[in-house]
Amino acid sequence: MTLFTRRNALKLGLAGGALALATPSQALVEIVVTGGNFTPLPIAIPDFASSDPAFGAEIAQIVRDNLRRSGLFVPLDPASLPTRVGNVQNEPDFATWRATNVDALVMGSVERGGQVDSQVRVWDTQAAAQVVGKSYSTDPQNYRRIAHIVSDAIYSTLSGGTGYFDTRVLYVAESGPKANRVKRLAIMDQDGANVQYLSSGKSLVLTPRISPSGDSLTFTSYEDGNPQVYYAGLGGSARKLINGAPMSFAPRFAPDGSSVVFSVSNGGTTNIYSSTLGGSPTQLTSGAAIDTSPSYAPDGSRIAFESDRGGSPQLYLMGAGGGGAQRISYGEGTYSTPVWAPTGDLIAFTRQSGGQFHIGIMRPDGSGERILSSSGSVQEGPTWAPNGRVVMFFRDPGGDAGPGLWSVDIWGRNEQQIKTESFASDPSWSPLRG
Amino acid sequence: MRTGLTVSTALHAGLIALAIVGLGIGQPIEATPVESIAVDLVPVSEFSNIRMGSLDSQVLETETPSVVDTETPPELAQPTGNTSEDQPTPEDTPDPTPAPTVQTAPAPEASEPDPAPAPDPEPAPLPAERPPAAAPEAIPDPAPEPDPEPAPVEEPPPLATPVETPDPADAAPRPVMKTASLTEKRARFKQQQEAEKQKKADEARKAAEDAKQAEDAKKADEAKKAADARKAEEAKKEADKKKKAEEQKRIEQAKAQEAKKLADEVANIINNEDTRGATTGDGGQKTLGREDGRSATLSQSEIGALVAQIRSCIAMPAGAEDADARAELYFNIGRDGSLVGQPQITNAGSDMIAQAYARAVARAVMQCGPYTVAAGQEVKALFQAREF
C-alpha cells in the first residue's frame with residue numbers, strides 16, 4: 001500500500017506542528033534581590049497647561065525646584081522634553097517618553113480665576129499607567145501653595161512618606177555689621193519666597209518656635225534687658241509668658257499647642273518649667289545642674305533636654321510631668337539642643353567634639369547615632385521637616401559673614417544651603433499648612 | 001632517442017632502488033600511547049533536577065531492624081547484676097559442661113538391674129540402723145519398697161544416665177540447622193539442663209521427704225506406717241504425675257517454640273520483597289514534596305548573575321531601606337532574553353513607601369536590558385530593600 005497518502009501527510013503535518021510548538025519545559029527560577037543603590041529618580045515635568053502660559057510655566061518651575069531640592073528626584077530640563085506643555089486630559093505617548101529615559105511623567109494644568117485651580121496626573125512610563133491624579137484649589141494670594149501642594153503629591157506617591165513642601169520656616173533674620181547686628185523675627189516659605197518680617201529688630205530675639213498649629217509663635221527676647229520668653233499670634237502683639245523669673249529662655253510648644261516648656265535661671269540654677277499660655281508655671285526639674293533646651297515628644301509623653309548634671313552637657317529624657325531623667329547620649333564630646341522628630345522615631349542634636357560642630361540624629365533610646373553634617377564653624381539648632389526626613393540648621397562661618405540656613409536629609413545626603421535675603425539663624429520648621 | 005630512453009630508465013630505476021633502500025633503512029614510527037580522558041557532556045539539569053514529589057505523602061517511620069528477632073522493642077541495657085556488693089565467687093559445680101546431645105538409641109534395659117544390686121548394700125545398713133525395728137520387719141513389704149526408690153533416684157543426679165536421656169531427647173529436639181544465635185542455643189540448652197536439674201532436685205527432695213516420712217511413720221507408729229507408707233506412695237504417685245505433667249508441658253512449650261521458629265523462617269522465605277524505604281523506586285510512597293517540583297534550571301552562578309544584573313538597575317526610593325520595604329515580582333523572560341510582557345507585582349505592602357519600592361523594582365526589571373543569562377525562564381523574584 002502506498003505510504004504517501006493524504007492521511008499520512010496530515011498526520012505528519014500535525015505531528016510536526018506539535019513538535020514545532022513544543023517549548024522546553026520551563027522551570028520557575030526563584031531569586032532574592034536585596035538592597036540596591038539609591039539614585040534620584042528622573043522625572044519629566046513639562047510646563048503646566050494654562051490659559052496664561054507664563055503662569056503655567058512658573059508653577060511648573062516651582063515644582064521642579066522643590067523636587068530637585070529634595071534630592072530624591074532629577075527633574076529634566078523642560079527644553080529637552082518631547083512636549084513642552086502638559087496635557088492632563090489625554091494619555092501620553094509612553095513610547096516617546098521611555099525613549100528619553102524618563103521614569104515618571106507629570107502632566108498638570110493650572111487656572112487662575114476667583115480661585116487658583118490645578119489638576120495634576122503622575123504617570124509611570126515603564127508600567128504605562130497612572131500613579132496618581134489629583135486636583136487642588138487655593139486662594140489667589142497664595143498661588144504658590146498650589147505648586148507646593150502638587151510637589152507634595154508627587155513626592156509622596158513616588159518616594160513614599162509625606163511631603164514637606166507646603167510649609168514655612170520661622171527664623172531670625174540678621175543684618176548689619178557684626179558688631180551691631182540687627183536681629184528680627186522673619187517667616188518665609190520653605191523655598192525662600194514670601195518673606196515677612198515680624199519684629200522690628202529693636203531688641204535682640206533668639207530661638208523663635210512656631211506652634212503646632214502654625215499660627216502662633218514663642219521666642220526669647222531681650223526687651224527687658226534680661227532674656228524672657230514671649231509668645232504671640234502670627235502678626236499679633238507679643239506677651240511675656242511668665243512674670244517673676246530673673247531669666248527665662250529656650251521655649252518650645254507642647255504638641256497640643258496649649259502650653260510652653262522653657263528654662264528658668266534663678267540664682268545660679270537653671271531648671272525646666274512648663275506653663276500654659278496665661279497660666280502659672282510648674283517646675284519640672286530641680287537640682288543645681290543647668291537643665292535647658294527642652295523638647296516634647298510628638299505624643300507629649302516625654303521631654304528630651306540638655307543637662308550637665310553628669311559633669312558635661314549631655315542629653316536626657318524624662319517624663320512630661322518631670323521626675324527622674326535618663327541619659328541617652330554616650331558619644332564623644334558634649335551634646336546640646338535636642339529636638340524630637342515629628343514622626344517620633346528620632347531625636348536631632350548638636351554635638352561638639354574634636355574641635356568641630358556636628359549635627360546628628362539618634363533614636364530615642366540613644367542608639368543608632370548618626371552624624372549628618374560636620375563643620376569646623378559653628379553650626380547648631382536643628383529643626384525637623386514635618387515628614388521627619390529633612391533637618392534644617394544654621395551655620396555661622398565666622399568673620400564678617402553671617403550665619404546661613406542649611407538643610408540635610410536624615411541619610412546624610414543632599415546638604416545644601418537655603419537661600420535667604422539676609423543672614424539667617426535659629427530656624428523653626430512649621431507643620432504642613434494644608 | 002635510444003639513449004634518452006636508457007638514461008631515463010636507468011635514472012628511474014635508480015630512484016626507485018634508492019627509495020626502496022631508503023625505506024628499508026628508516027625506522028618505523030612508533031606511536032607513543034597517550035592516556036585519554038573520558039569526557040562526557042552532561043546537561044546541568046541532570047544534577048539540578050529534583051524528583052517529583054507528592055504534597056501529601058506520608059513520612060515513613062522506619063525503625064532500625066534489631067539483630068535479634070523479638071517482638072519486644074529494644075531497650076537500653078540496664079546494668080546487669082549487683083555491682084554494689086561483692087558477689088560470692090562462683091564455685092566449680094559438680095556438673096560438667098553439658099555435651100551436645102547426640103542421638104543414640106536408648107540404652108537397653110540392662111541398666112535396670114544395676115539399681116537392683118545397688119539397694120542391696122543399702123538395706124543392709126538400714127536394718128543395721130534399726131535393730132529395734134526387727135519386729136516391724138514383719139511388715140517389711142511396704143518398707144523395702146520405699147527403700148529401693150531412693151536408690152535409683154540417687155544414682156541419676158551425678159550422671160546423666162542413658163535412662164534419663166530419652167526425656168531430654170524429647171525436650172531438646174533434633175538440632176535443626178538454622179541461623180539462631182549460638183548464645184541463644186546455649187542459653188536454651190542451659191535452661192533445659194537447669195529445668196531437668198530442677199526436676200531432678202525436686203524429685204530427689206520429694207523422694208527424700210517421702211522416705212523421711214516413711215521412716216518417721218515407721219519409727220513413730222507401726223499402724224500408721226502402713227497408711228503413711230501408702231500415703232507416701234500416693235504422694236509419690238502424685239509427684240510422679242505432676243512431674244510427668246510438667247515434663248509434658250515443657251515438651252509442649254519447646255515444641256511450640258520450635259514450631260513458631262519454623263513458621264518465622266518460612267514466612268521470611270515467602271515474604272521476600274524489595275525494600276520500601278524512602279528511596280525512589282517502583283512502588284512505595286512518593287517522597288514528600290511538590291508534584292511540580294522541578295529545581296531551577298539555572299546553576300547558582302547563573303542565578304547570581306541574574307540577581308546582580310537586576311540589582312544594578314534598582315533606583316531605590318529614599319526611605320525604603322528604613323521602612324524595610326519588600327515586593328514580589330513575577331515575570332517571564334523570552335528566548336532572546338528580553339522581557340515578555342510586564343512584571344506582575346504579586347505581593348507588595350499597602351503603604352506608600354512599599355508601593356513606591358514595588359514600582360521602582362518593576363521599573364528596574366523592565367529597564368535592565370536583555371537577560372541572556374536566564375533566557376526562556378519564568379522568574380519569581382523577591383525584593384527586599386534592606387540588605388542584611
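Predicted model: local features only at pLDDT ≥ 70, side-chain atom pairs only at ≥ 80, totals over all residues.
**View 1. The open sheet of chain A.** Four strands make up this open sheet, with antiparallel pairing. Their order is β10-β11-β12-β13. The edges are β10 (205-210) and β13 (238-240) of chain A. Each has a single partner strand, so one side of each is left without a neighbour in the sheet. From one strand to the next, the twist averages 25°.

**View 2. Chain A meets chain B.** Chain A gives 28 residues to the contact, and chain B gives 39 residues. On the side of chain A that touches chain B, the elements giving two or more residues are β1 (28-34) and α4 (143-159). The largest share, seven residues, belongs to β1(A). By type, this side of chain A holds twelve nonpolar, twelve polar and four charged residues.

**View 3. Strand pairing between the chains.** β1(A) and strand β3 (residues 378-384) of chain B run parallel, joined by seven bridges. Within β3(B), B:Phe383 is the bridge partner of A:Val33.

**View 4. Nonpolar cores.** The largest nonpolar core has 66 residues. Those with the most contacts inside this core are A:Tyr171, A:Phe262, A:Ile347, A:Ala348, A:Ile361 and A:Val391. Another core, of 63 residues, lies apart from it; among them are A:Val29, A:Ala104, A:Ile154 and B:Ala327.

**View 5. Around A:Tyr171.** Leaving out residues up to four places away in sequence, A:Tyr171 touches A:Ala186, A:Leu405, A:Ala424, A:Ser425, A:Asp426, A:Pro427 and A:Ser428.

Note on methods
Residues numbered from 1 in each chain as written. Chains lettered and ligands numbered in written order. Contact = placed C-beta atoms within 7 Å. Nonpolar A, V, L, I, M, F, W, Y, C, P; charged D, E, K, R; others polar. Pairing = 2+ DSSP bridges. Core = buried A, V, L, I, M, F, W, Y, C linked by C-beta atoms within 7 Å. Buried ≥ 20, exposed ≤ 12 C-beta atoms within 10 Å, placed from the backbone. Axes fitted to C-alpha atoms, helices over the stretch in contact; angles between N-to-C directions.
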